Structures are given as structure tokens and as C-alpha cells.
Amino acid sequence: MRLWGLVRKGDKVLRDALTEHEGVLPSDVGNWDALIAELCAALDLAAPVVLRKHIDDLRVFSHVAFRRDDFLEEVAFDRFELRILLSEREKKRATE
């Protein structure tokens, strides 16, 4: 599984990063906070407050958007988007 994080201001992508988690499927993850914090560190961001709604969006839609309000400190962007990217092999394994 790969996690792709994008920092956006308006429609413009300010920066992005990709983290890889070999052999892990979204259903295997017990601690999303740690994976999100790792991606935020790669983007030099403070980690957002992760709510149950965010985890549910990730599991159902493989995508979540954090707004400015989801961060405890002031941020200079509008959204931090996180997307789950699965290879064809991982997609097949997830449906078995």
C-alpha cells in the first residue's frame, strides 16, 4: 500500500509526498495516526487531528481531506489530502 499526500491551496498543489508500506492493506492498519504522521513528516507538516470520520473516509473511499480546522496550529494551505494507492496485486488480495 502506498499513501500519497497532497498539500493544496485552492486548486494548486503546493507539494506532495508518497510513503510505501510493503505488504500492508488498509484493512490491516490498526493505527492510522502513525501512518499519517509519517506522511506529514515527509511533507514537513504537523499532523492533523484524526477523527473517526477521517478513518471511515479512508476505509470506504481510499481518500480523505483534512481542512485547516483539522490542525491545531496555523497552516498556510487550504487542504491536506491523503489517498490510498493500491497495486493491482494488492487490489486483488483485498477482495479475496
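Here are some friendly questions and answers about the predicted model shown above.

Residues are numbered from 1 along each chain as its sequence is written, and side-chain values use heavy atoms, with hydrogens and water left out. In this predicted model, local features need pLDDT of at least 70 and side-chain atom pairs count only at pLDDT 80 or more, while totals for chains, interfaces and linings use all residues.

Q: In what order do the elements of the chain run from the N terminus on?
A: Helices (H or I, at least four residues) and strands (E, at least two) are DSSP runs, numbered from the N terminus. The chain has three helices and four strands. From the N terminus, their order is β-β-α-α-β-β-α.

Q: What radius of gyration does the chain have?
A: The radius of gyration is taken over C-alpha atoms, and the globule rule is 2.2 Å times the number of residues to the power 0.38. For 96 residues, a compact globule would come out near 12 Å, and the value for the chain agrees with this: 13 Å.

Q: Is Glu81 buried or exposed?
A: Glu81 sits in strand 4, which covers residues 79-85. Buried means under 20% relative accessible area, exposed over 50%, and partly exposed in between (1.4 Å probe, protein chains only). Because its relative accessible area is 6%, Glu81 is buried.

Q: Which side chains make a polar contact with the side chain of Glu81?
A: A polar contact is a pair of N or O atoms within 3.5 Å; within protein, one must be able to donate a hydrogen and the other to accept it, and residues adjacent in sequence count only if both atoms are side-chain atoms. At 3.0 Å, one partner of Glu81 is Arg79. At 2.9 Å, another partner of Glu81 is Arg83.

Q: Which residues does Glu81 touch, not counting those up to four places away in sequence?
A: Contact means heavy atoms within 4.5 Å. With those sequence neighbours set aside, Glu81 touches Trp4, Gly5, Leu6, Arg8, His63, Val64 and Ala65.

Q: Where is Asp44, and is Asp44 buried or exposed?
A: Asp44 lies in the loop between helix 1 (32-42) and helix 2 (52-61). Its relative accessibility is 70%, so Asp44 counts as exposed.

Q: What is phi of Ser62 near?
A: Ser62 is in the loop between helix 2 and strand 3 (63-67), and is partly exposed at 27% relative accessible area. Most residues other than glycine have a negative phi. In Ser62, which is not glycine, phi is positive and near 60 degrees.
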